[in-house]
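Let's take a friendly walk through this fold, starting with its sheet and ending with its cores.

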Amino acid sequence: MPDVLIVGATGLVGRAVIDHFGSHPVTVLARREIEGLAAHHKQLVAPSDGWGDIIAAEGPAVLIACLGTTIRQAGSQAAFRAVDHDLVLAAARGARAGSTPHMISVSSVGAAAKSSNFYLRTKGETEDDLRALGFDRLDLIRPGLLRGDRPGPQRLGEGLATIAAPLTDALLHGSFRRYRSISGDTVAAAIVSLARQGGSGVHIHENDAIRALAD
């Protein structure tokens, strides 16, 4: 297993990624200290505007970005973009400056730079900008609705969608399977599996591919 640095480790997927690494030590970069982090992991705490330089100095073999918020949580479209685009790109640029060859980034199903939906457009633009950085290998994870116990207050819309997920998922077939819900733990297991892989190129992973990687 190569040296790994994780940003976005306080969210649903990020926390699960750390758990799936088990006894393998990883470096976690966050804006605040993560309570309960196992002693064999390395924890770096710093304001996000300094993350690029820190990542460049660390020079991990793999950068894992599980960063993500919602417009409602962020408070505005600009604040949302500052996290889901700008901070992801700052981390990625730092990784490239440190000669990191491999990045894994959590995006969203439906991400497209030309989408009329601001959320999906931002995700798509982020993907395009990551491609342009020229990582040897770039894995873009596109889950649908994420199921699991999130830290912080419950998001009403997601809570209702999660309740309806078993019925909704059963109605999604063929090319629409990619929109099925998926557990954060499954996504995390897939990410850890990808961190072990070599190779090159840009790889997009949606619902069925994520599940296969997690098995």
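The report below covers the sheet, the helices on it and the nonpolar cores.

## About the model

This is a predicted model, in which local features need pLDDT of at least 70 and side-chain atom pairs count only at pLDDT 80 or more, while totals for chains, interfaces and linings use all residues. Residues are numbered from 1 along each chain as its sequence is written, and side-chain values use heavy atoms, leaving out hydrogens and water.

## The sheet

Seen in order 3-2-1-4-5-6-9, 7 strands form an open sheet with parallel pairing (strands are DSSP runs of E, at least two residues, and helices runs of H or I, at least four, numbered from the N terminus; two strands pair if DSSP finds at least two bridges between them). Strand 3 (42-45) and strand 9 (201-205) are the edges, each pairing on one side only. From one strand to the next, the twist averages 15 degrees.

Strands 1 and 2 run parallel and are joined by 3 bridges; Val-7 stands opposite Leu-29 in strand 2.

## Helices on the sheet

Helix 1 packs on the sheet, touching strands 1, 2, 4 and 5, and its direction makes about 155 degrees with that of strand 1 (contact means heavy atoms within 4.5 Å; axes are lines fitted to C-alpha atoms, for helices over the stretch in contact, and angles run from 0 to 180 degrees between N-to-C directions). Helix 2 (residues 51-58) also packs there, touching strands 1, 2, 3 and 4, at about 170 degrees to strand 2.

## The nonpolar cores

The largest nonpolar core has 31 residues, of which Ile-6, Val-17, Phe-21, Ile-64 and Ile-191 touch the most other members (such a core is a set of buried Ala, Val, Leu, Ile, Met, Phe, Trp, Tyr and Cys residues joined through side-chain atoms within 4.5 Å; buried means under 20% relative accessible area, with a 1.4 Å probe and protein chains only). Helix 7 gives the most to this core, with 7 residues.

Conventions
Buried < 20%, exposed > 50% of the residue type's maximum accessible area, 1.4 Å probe, protein only.
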